[in-house]
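Subject: Handover of a structure, with findings

Dear colleague,

Please find below the structure that I am passing on to you.

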Amino acid sequence: MTEILTPQAIAFVTDLQRRFGPRRDELLAYRAQRRAEIARTGRLDFLPETKEIREADWRVPPPPVDLTDRRVEITGPTERKMTINALNSGAKVWLADHEDANTPHWSNVISGQVNLYEAIRRTISYESPDGRRYELRRDRPLPTIVMRPRGWHLDERHLLVDGRPAAAALVDFGLYFFHNARELIDRGSGPYFYLPKLESHLEARLWNDVFDHAQDALGIPRGTIRATVLIETITAAFEMDEILYELRPHASGLNAGRWDYLFSVIKNFRDQGSAFVLPDRGAVTMTAPFMRAYTELLVATCHRRGAFAMGGMAAFIPSRRDPQVNAVALAKVREDKEREARDGFDGSWVAHPDLVPVCQEVFDAVLGDRPNQLDRRRDEVSVTAEQLLDVAATPGEVTEAGLRTNVSVALQYLEAWLRGNGAVAINNLMEDAATAEISRSQVWQWLHNRVRLADGTPVTADLVRRIEDEELAAIRARIGEAAYEAGRFADARALFERVALAEEFVDFLTLPAYEMID
């Protein structure tokens, strides 16, 4: 910890907070105003005041050498063993996640910074309790590291500036950049970032100003930082051009996620009735009309501007014991990646090293010797506001199995999160905060819209509580009494009910969850 929390590093973060913290607070207030306007009108549209930016001919800078080929990116938390496994995976890029896959225990926040510090310098190693030793491979190049800080909405109460918690995004960015930017440059790479949860181009502008100041402060040329933005909110989907434009000296690309995007649709249009009610989360695929519009617009926007279009997560965790489960799931992963590659995406995400070869093979077949397909413009794509908001055309039903999955996954994930594990394998899928958000927000949506299950049963708070009882009993039977009592299942249930059964919608489950950890 002492090598990360040096007086100089703390001074750097303090300066960032004093300069940019007030603007961040103003932008969070603007989010609330915009949500209120959506509640009033039931609409979103492309911004008339930025029409000239959308219609003008401009491009982002060419990518640095080690971000030219991004056909396979592996994501995961910066836990020590997972850091080594990700860097040994054979992927082109590792998304080092301080956000959705990481519980922000202070020990996790700082140990993640330590692990990144050592990984960049190739000194990291790990010895497991069973005596196995993990080290970085030396027989081929390691993935390029792209670090994801926490979103603008989160605070870091363990680092106070003028008596107030610093913005967690500035803490994560500031510590990483201060300690590693020069080292990365000297090694032929650079400080690269994934920016999560942006809701407007004004938030991208704030990040760009942070980047300019940070580079100036450390004597690093402007434009050295490269940022890829996750378009995981419905409001950001209407501002893709503008977001790239604001980050233009530092922009690298955009990413099309799934779970946080669906969560954002529910959150923003929660007052609009049945037209925005989604079926079971497993039924909402990337081929649903409104999701198809979103991904097509993203690829076309990125390639028009010379930016990378990155595909979504393959969250499947292969089973060592069930080849049949693997065969079915891997076929779906392959189909999903083939769709992305055909549509023009330059690469995609996987959650497990065993999926790297599958994703690589699919993109190899389309790219051949090319590092990307930035030259595929997709000028034929034209997407309207109505298409982006056509949630009602999504096929599927709300079923008891879907409700039960949401309850079970949320309870298991939140229990693990409270203990410090932000990336959890449940039913052969890697669950993180984004999947927990869609699980709990769907339950809230179904309750408040008086949805009936496919068999006619109304979704009520009593039904949800009964399913909670049954799912927790099943977990207790599976893991044993001692392990259950040693866990935090009672806390997880209380948290779930606070964010799924309350009358008012909680903006992010991680806000009340943060109050329950050290």
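I begin with the aromatic residues. In this predicted model, ring pairs join Phe12, Trp152, Phe173, Tyr176, Phe177, Phe178, Phe193, Trp207 and Phe211 into a cluster. Over the structure, the count of aromatic pairs comes to 20. One of them is formed by phenylalanine 173 and tryptophan 207, which is edge-to-face because the ring planes stand at 75°, with the centres 5.8 Å apart. Phenylalanine 173 belongs to helix 5 (residues 168-186) and tryptophan 207 to helix 6 (residues 201-217), so this pair ties together parts that are 34 residues apart in sequence. Phenylalanine 173 counts as buried, at 0% relative accessibility, and tryptophan 207 is likewise buried, at 1%.

A stacked aromatic pair is made by tyrosine 484 and phenylalanine 489, with 4.6 Å from centre to centre and 0° between the planes. Tyrosine 484 and phenylalanine 489 are both buried.

The nonpolar cores come next. The largest nonpolar core has 104 residues, of which Phe173, Trp207, Ile231, Phe290 and Tyr294 touch the most other members. Helix 10 contributes the most to this core, namely nine residues. For phenylalanine 290, setting aside its neighbours within four places in sequence, the contacts are Tyr261, Leu262, Val265, Leu278, Val284, Gln387, Leu388, Asp390, Val391 and Thr394. Another core lies apart from the largest one and has 39 residues, including Val424, Val451, Ile475 and Phe489. Phenylalanine 489 is thus a member of this core as well as a partner in the stacked pair with tyrosine 484.

Turning to charged residues, the structure holds 62 salt bridges. Arginine 31 and glutamate 199 meet in one of them, at 3.6 Å from N to O. This pair links distant parts of the chain, 168 residues apart: arginine 31 is in helix 1 (residues 7-41), and glutamate 199 is in the loop between strand 8 (192-195) and helix 6. Both arginine 31 and glutamate 199 are buried.

Aspartate 241 and arginine 305 form a salt bridge whose closest N and O atoms are 2.8 Å apart. Aspartate 241 is buried, as is arginine 305. Arginine 305 also lies over the face of tryptophan 58, at 4.0 Å from the ring centre.

Arginine 133 forms a salt bridge with glutamate 135, with 2.9 Å between the closest N and O atoms. Glutamate 135 is partly exposed, at a relative accessible area of 47%. Salt bridges also link Arg292, Glu296, Asp336, Lys337, Arg339, Glu340, Asp343, Arg378 and Glu380 in a network. In a further placement of a charge over a ring, the charged end of arginine 440 sits over phenylalanine 505, 4.5 Å from the centre of the ring.

As for cysteines, how many disulfides does the count come to? The count is zero. Cysteine 302 is in no disulfide, and the nearest cysteine sulfur, that of cysteine 359, is 17 Å away. Cysteine 359 is in no disulfide either, its nearest cysteine sulfur being that of cysteine 302. Cysteine 302 is buried, with a relative accessible area of 0%, and cysteine 359 counts as buried at 1%.

Finally, two backbone details deserve mention. Aspartate 162 has a positive phi of about 55°, although it is not a glycine. Aspartate 162 lies in the loop between strand 6 (155-161) and strand 7 (164-167), and it counts as exposed at 58% relative accessibility. Arginine 450, also a residue other than glycine, has a positive phi near 50°. Arginine 450 is found in the loop between helix 15 (433-448) and helix 16 (461-479), and at 72% relative accessibility it counts as exposed.

With kind regards

Definitions and conventions:
Residues are numbered from 1 along each chain as its sequence is written. This is a predicted model: local features need pLDDT of at least 70, side-chain atom pairs count only at pLDDT 80 or more; totals for chains, interfaces and linings use all residues. Side-chain values use heavy atoms; hydrogens and water are left out. A disulfide is a pair of cysteine sulfur atoms within 2.5 Å. Buried means under 20% relative accessible area, exposed over 50%, partly exposed in between (1.4 Å probe, protein chains only). Rings of Phe, Tyr and Trp (its six-membered ring) pair if their centres lie within 6.5 Å; planes under 30 degrees apart count as stacked, over 60 as edge-to-face and the rest as tilted. Helices (H or I, at least four residues) and strands (E, at least two) are DSSP runs, numbered from the N terminus. A charge sits over a ring if NZ of Lys or CZ of Arg is within 6 Å of the ring centre and within 35 degrees of the ring normal. A salt bridge is a side-chain nitrogen of Lys or Arg within 4 Å of a carboxyl oxygen of Asp or Glu. A nonpolar core is a set of buried Ala, Val, Leu, Ile, Met, Phe, Trp, Tyr and Cys residues joined through side-chain atoms within 4.5 Å. Contact means heavy atoms within 4.5 Å.
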